[in-house]
Amino acid sequence: MDYLQTCLIFYLLILCFCGGRTIDISQCIGPLGMESGAIPDADITASSSFDSGNVGPHHGRLRQESHGGAWCPKQQITTEPREWLEIDLHTVHMITATGTQGRFGNGEGAEYSEAYMLEYWRPKLGKWVRYRDVRGEEVIKGNTNTYLESQHELEPPMFASKVRFWPYSYHRRTVCMRVELYGCPWNDGIVSYSMPQGDKRGNWEFFDATYDGYWDGQLLRGLGQLTDGKVGPDNFKMGYYDYERGQGWVGWRNDTRSGHPLEIKFEFDHVREFSAVHIYCNNQFTKDVQVFSEVSIMFSVGGRYYTGDPIVYSYIEDRIFEHSRNISIKLHHRIGKFVKLKFSFYSKWIMISEITFDSDIAHGNFTPESPPTTEAPRVRDRISARDNPLQAEVPVVKQDDPTYMAVIIGVLTAVILLLAVAIFLIVTRHRQRKNFASPLGTKSAIPSGNHQHLSPESAYGTTEKDPSLMTYRVEELDDRYAGTKLTTLPRDLNDRLLGDVRLDEYQEPFHENKYRDPPHAAYYGYSTVVIDNKDLHDNVEQSDATYDYAVPMPVPSVSSDQDSVFSKSSSRGSAKVRYLNLALLQYLTKVLEDSSINNSLP
């Protein structure tokens, strides 16, 4: 049972430290359809083409050799690009990498782009945004020949429904391009989030450096580090990129809020039904960074009024462990297109790396909220980590998600099997101990090979063990019962036998006379005889029916150690039978003498 408890605790610790759902960027690397043709020609456009029939935009597909074999703009390219190739994905995708080639043209082409830049667009932004990596660089290295693909990983990834490639050259030249996009559809539904920009801490700027919306005191209508699928390290001064320190965390100071909570508002693509939110926080309390003390979560359909009852979650202050952690909160299938989170401070700093939601599109007719009344909203959905300490960090499973349900069922099945195995082992061990302690369990039949000293012609005392009964073999006392096995002695034999000697009981050993020579030494054996004299005579006292007799035994001839009384060849069972016969003979002789005396009296 201790082993099962250890396994259960270990499993809960795994959930606490590893729980929470973030985007798995390693699985978001598939090509989006330029090479395969999943993106139709109509969704590929360009600023211009040298020859739209042979090198038009629809020929700019990776690893395609039809016609001219690439897209070639009309103008030559410099460090001030004016030509672009646009791909329309129609829906927002997370784009994690790009790939480019030059114009091979079955060996006749010689044009390629040695560098390029990217721009992207999505509906909420309402503008084209120039992509910058974590170092702030805009120019991306391109090709060095016309036939090999140059693939570039985007750090951070970009969220876009339209993408433009801008050829770039450090000297004026003619270029041609074939391109591909890698990524996956953005199904989380987050269109943008708005919040105050992070604060500085000494030389460290805990800003949302990759935010692509508007920077005007508040961050508006964009996406950034809180949704990029990467979580920061435990040490907030170390970044999750090797060459960039301080990235991964967005931090806010308590004294810059004027006592007000930190507000972050999320907007989604559709009205959604929310089941959980996961917030990845830092807790280096020795450096004045702690998890929030309380968060209020409000929902709205129109985004202007949040009139419903908020969900309030309180977190237990942790000043023992400094590891970063995921805080998962149930949202009880609340409905909304906008979600607002209000964080209260425990310490001087709050640092957040990632916020994700478990949600599905809600079906039905929903209308924006009306202006709130003067009555204060009632707080009905209040969750506290004090009531359930594990709730603070154990991830919340979606009720309608079959994957999570399968995992839970599998874990419960494994626990049940472990319990069943433990119970079986405990019961088996208990039975083994019980059998070991039982005197009946250890007794076995007396094999003839191991007890050669037992004479098969013994009149009484030879036993054979049946499955459950002890049988007796009597050959010399009465010819009527010779050669038969009896579970109980007959009445007449019981009257004739005066006692019972058990072969498995302890018998006191014999002692030689120390003062005589061994060949002539007499020895005595003590044997207890139980006499049932009810049917023999009525004059004998009934007070004590047990008598001890000291019977002198004949001295056996000693020729060697094997013939000794105490050697292995001597038979204890035969000696017992001889004692019994002598005692019986002595007793019968005494009875006959008494009977003769009584008969002779007048």
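Are Glu 86 and Arg 164 buried or exposed? In this predicted model, both Glu 86 and Arg 164 are buried. The two side chains form a salt bridge, with the closest N and O atoms 2.9 Å apart. Glu 86 lies in strand S3 and Arg 164 in strand S7, so the pair ties together parts that are 78 residues apart in sequence.

The structure holds 18 salt bridges. Another of them joins Glu 149 to Arg 63, at 2.6 Å between the closest N and O atoms. Glu 149 sits in the loop between strands S6 and S7, and Arg 63 in the loop between helix H2 and strand S3, so this pair connects parts 86 residues apart in sequence. Glu 149 counts as partly exposed because its relative accessibility is 24%, and Arg 63 counts as partly exposed at 43%.

A further salt bridge links Arg 130 and Glu 119, at 3.0 Å from N to O. Arg 130 belongs to strand S5 and Glu 119 to strand S4, 11 residues apart. Salt bridges with shared partners join Glu 119, Arg 130, Arg 132 and Glu 138 into one network. Within it, Glu 119 is buried at 10% relative accessibility, whereas Arg 130 is partly exposed at 24%.

Strand pairing is seen around S13. Strand S9 runs antiparallel to S13 and is joined to it by 3 bridges, with Pro 196 partnered by Gln 218. Strand S12 is also antiparallel to S13, again through 3 bridges, and Tyr 214 stands opposite Leu 220. S12 and S13 form a hairpin with 1 residue between them, and Gly 217 in the turn has a positive phi of about 75°.

On the surface, Val 421, Phe 424 and Leu 425 form a nonpolar patch with about 320 Å² of accessible area together. Phe 424 is found in helix H3 and counts as exposed because its relative accessibility is 57%.

Conventions. Residues numbered from 1 in each chain as written. Predicted model: local features only at pLDDT ≥ 70, side-chain atom pairs only at ≥ 80, totals over all residues. Heavy atoms only, no water. Pairing = 2+ DSSP bridges. Helix = DSSP H or I, 4+ residues; strand = E, 2+ residues; numbered from the N terminus. Patch = residues over 30% accessible without salt bridge, like charges linked within 9 Å, V, L, I, M, F, W, Y side chains within 5 Å. Areas by Shrake-Rupley, 256 points an atom, 1.4 Å probe, with all protein chains shown as cover. Salt bridge = Lys/Arg side-chain N within 4 Å of Asp/Glu carboxyl O. Buried < 20%, exposed > 50% of the residue type's maximum accessible area, 1.4 Å probe, protein only.
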